[in-house]
Amino acid sequence: MAYGVARKKIQLDVVTPDKVEFSRPVESIIAPAWDGYIGILPGHMHLLTNLQTGVLTIKDEGEEIRMAVREGFMEVTPTKVVVLAEAAEMAEEIDVERALEAKRQAEEMMARSTEHITLVKAQARLQRAVNRLKVARYKENGLKGTSGAENERRAE
Amino acid sequence: MENLRRIRRHIRVIREVRHITRAMKLVAAAKLRSAQERAQAARPFARKISEVLADLASMMPDPPHPILKGRPVRHVGLVVIASDRGLCGRYNQDILDLAMQQAQQMGGPEKLVIMAMGRVARDFFRARGFNVRVAHVRLSRRPTFAWAERIANEIMDFYNQGVVDRVYLVYSQFVTTTRQEPRVFQLIPAVPPAMASGGSSLPASGPGASGLKLWKRAIEPSAEAVLNRLVDRYMQAVVYRALLEAEASERGARLTAMTAATDNATELIERLSTLYNRQRQAVITREISEVVAGAEAVH
């Protein structure tokens with residue numbers, strides 16, 4: 001470490017029904033909480049919140065890791081964060097071709113749907129596909145430290 | 001001579017049987033590994049979600065969720081997970097025995113509503129005149145979370161519609177390849193295991209302390225909103241985990257059964273070969289002594 005001082009860390013566990021996706025102490029986390037993105041540092045207050053489909057950003061040792069998470073929950077204590085998501089994928093794990101295909105299908109479904117329920121489902125699918133593409137593109141473009149919105153503009 | 005031919009035919013048949021049991025054994029071994037890995041990988045999620053739910057429920061003195069509360073029981077739902085196919089030793093028998101035992105305790109067939117997973121479970125309860133409301137077959141091949149979601153939602157719908165007032169899950173817990181434990185798990189009213197044992201990540205609080213805890217902790221958007229989603233997800237996770245445990249158990253049971261069958265066949269072949277050789281030798285000896293006797297008579 002540059003200043004010879006070990007920075008404080010917070011244990012992060014990202015768990016999905018299929019596996020433990022991530023588990024180690026990190027410096028900070030930015031998570032898609034129910035009403036928008038929130039940042040979490042060690043010593044955060046107790047919090048239990050719904051998570052939206054979005055990008056989970058993990059910062060540690062000057063490195064930024066991004067994950068596409070599908071809706072779930074997050075429990076925060078001062079020393080520990082548990083993210084329980086339906087699915088969580090690192091950029092490397094995302095199949096861009098498949099995500100593009102899913103996006104196309106979701107758009108088609110939205111165009112065709114006449115009922116509210118199918119429209120909502122299609123929207124959720126589209127959101128997931130776009131979210132995964134977003135995370136995959138961070139990796140591709142090597143755009144570190146830029147905001148999501150900026151990156152999206154560049155990717156268009 | 002007739003006798004010798006019969007033994008030879010017997011040996012050939014057993015060889016063929018062994019061929020099949022050995023093939024099934026190899027297939028079971030290969031599938032067991034991935035099934036076991038998936039079952040173990042699914043455990044942390046089920047455990048964590050159970051902990052979070054237990055935490056939240058313990059903070060609310062009177063959890064405002066029907067699935068946590070329970071109600072007077074008129075009908076009991078039994079979700080029984082067995083296999084689609086046989087040739088897996090006592091696996092199905094053990095689960096069905098336990099399910100029947102549970103059924104007796106709950107007051108017999110007329111009070112029960114069966115949700116059968118796997119062909120064997122379905123046929124068993126149908127044959128005994130139980131009310132089999134739902135039957136899913138051919139899902140043990142490779143259970144997905146989407147399947148579990150569907151089944152869990154089905155169960156919750158039945159509860160909300162008043163079809164059942166209490167639900168148990170009967171499945172087999174994978175311990176080791178040679179050991180599977182049939183278990184009964186209470187699904188509704190939901191008692192997350194972490195709550196039952198009091199072992200959650202936060203210090204437990206009595207009803208009196210809950211007001212204070214609500215102060216110290218933020219819940220967004222609201223305790224009720226999180227609880228509603230959490231209960232759904234918890235139910236799905238529990239069902240998913242049970243499906244995976246059952247799959248691994250079935251593979252393990254089949255591997256054990258087929259290994260035993262293959263070993264038995266080998267032993268039988270050995271015994272028959274010894275018998276065959278001894279009899280052949282006896283025939284040869286007799287023939288020689290006849291030839292010798294004949295030669296002596298001529299001299």
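This is a predicted model: local features need pLDDT of at least 70, side-chain atom pairs count only at pLDDT 80 or more; totals for chains, interfaces and linings use all residues.
1. The interface as a whole takes 26 residues from chain A and 25 residues from chain B. On the chain A side, Pro17(A), Leu48(A) and Phe73(A) lose the most area to chain B, and together they make up 28% of what that side buries. The size of an interface is often given as the accessible area lost when the parts come together. Here the area buried between chain A and chain B is about 2,300 Å², with 62% of that area coming from carbon and sulfur atoms.

2. Two salt bridges are found between chain A and chain B. Asp13(A) forms a salt bridge with Lys48(B), where the closest N and O atoms are 3.6 Å apart.

3. Which elements of chain A give two or more residues to the side that touches chain B? They are β1 (10-15), β5 (47-51), β8 (72-77) and β9 (80-85) of chain A. β5(A) gives the most, with five residues. By residue class, the side of chain A that touches chain B has 12 nonpolar, six polar and eight charged residues.

4. Chain A itself contains three helices and 10 strands. Its order along the sequence is β-β-β-β-β-β-β-β-β-β-α-α-α. Chain A has 156 residues, of which 44% count as buried. Of the contacts in chain A with a separation of 6 or more, 51% are between residues 24 or more positions apart.

5. In chain B, strand β4 (residues 166-176) and strand β5 (residues 179-188) run antiparallel and are joined by nine bridges. β4(B) and β5(B) form a hairpin, with two residues between them. Within this pairing Leu169(B) stands opposite Phe185(B) in β5(B).

6. Ser249(B) belongs to helix α8 of chain B, residues 223-298. Its relative accessible area is 0%, so Ser249(B) counts as buried. Apart from neighbours within four places in sequence, Ser249(B) contacts Tyr91(B), Ser172(B), Gln173(B), Phe174(B) and Gln180(B).

7. Some backbone values deserve a check by eye. Most residues other than glycine have a negative phi, and most peptide bonds are trans. The peptide bond from Ile188(B) to Pro189(B) is cis, with omega near -5°; Pro189(B) sits in the loop between β5 and α6 (193-197) of chain B. The bond from Glu220(B) to Pro221(B) is also cis, with omega near 0°, and Pro221(B) lies in the loop between β6 and α8 of chain B.

8. Glu61(A), not a glycine, has a phi of about 50° and is found in the loop between β6 (54-60) and β7 (63-69) of chain A. With a relative accessible area of 49%, Glu61(A) is partly exposed. Leu87(B), also not a glycine, has a phi near 55°, and its place is the loop between β1 (76-81) and α3 (91-105) of chain B. Is Leu87(B) buried or exposed? Leu87(B) counts as exposed, because its relative accessibility is 55%.

Conventions:
Residues are numbered from 1 along each chain as its sequence is written. Chains are lettered from A and ligands numbered from 1 in the order in which they are written. Side-chain values use heavy atoms; hydrogens and water are left out. Helices (H or I, at least four residues) and strands (E, at least two) are DSSP runs, numbered from the N terminus. Buried means under 20% relative accessible area, exposed over 50%, partly exposed in between (1.4 Å probe, protein chains only). Contact means heavy atoms within 4.5 Å. Buried area is the accessible area (1.4 Å probe) that two parts lose on being put together, summed over both. A salt bridge is a side-chain nitrogen of Lys or Arg within 4 Å of a carboxyl oxygen of Asp or Glu. Ala, Val, Leu, Ile, Met, Phe, Trp, Tyr, Cys and Pro count as nonpolar, Asp, Glu, Lys and Arg as charged, and the others, Gly among them, as polar. Two strands pair if DSSP finds at least two bridges between them.
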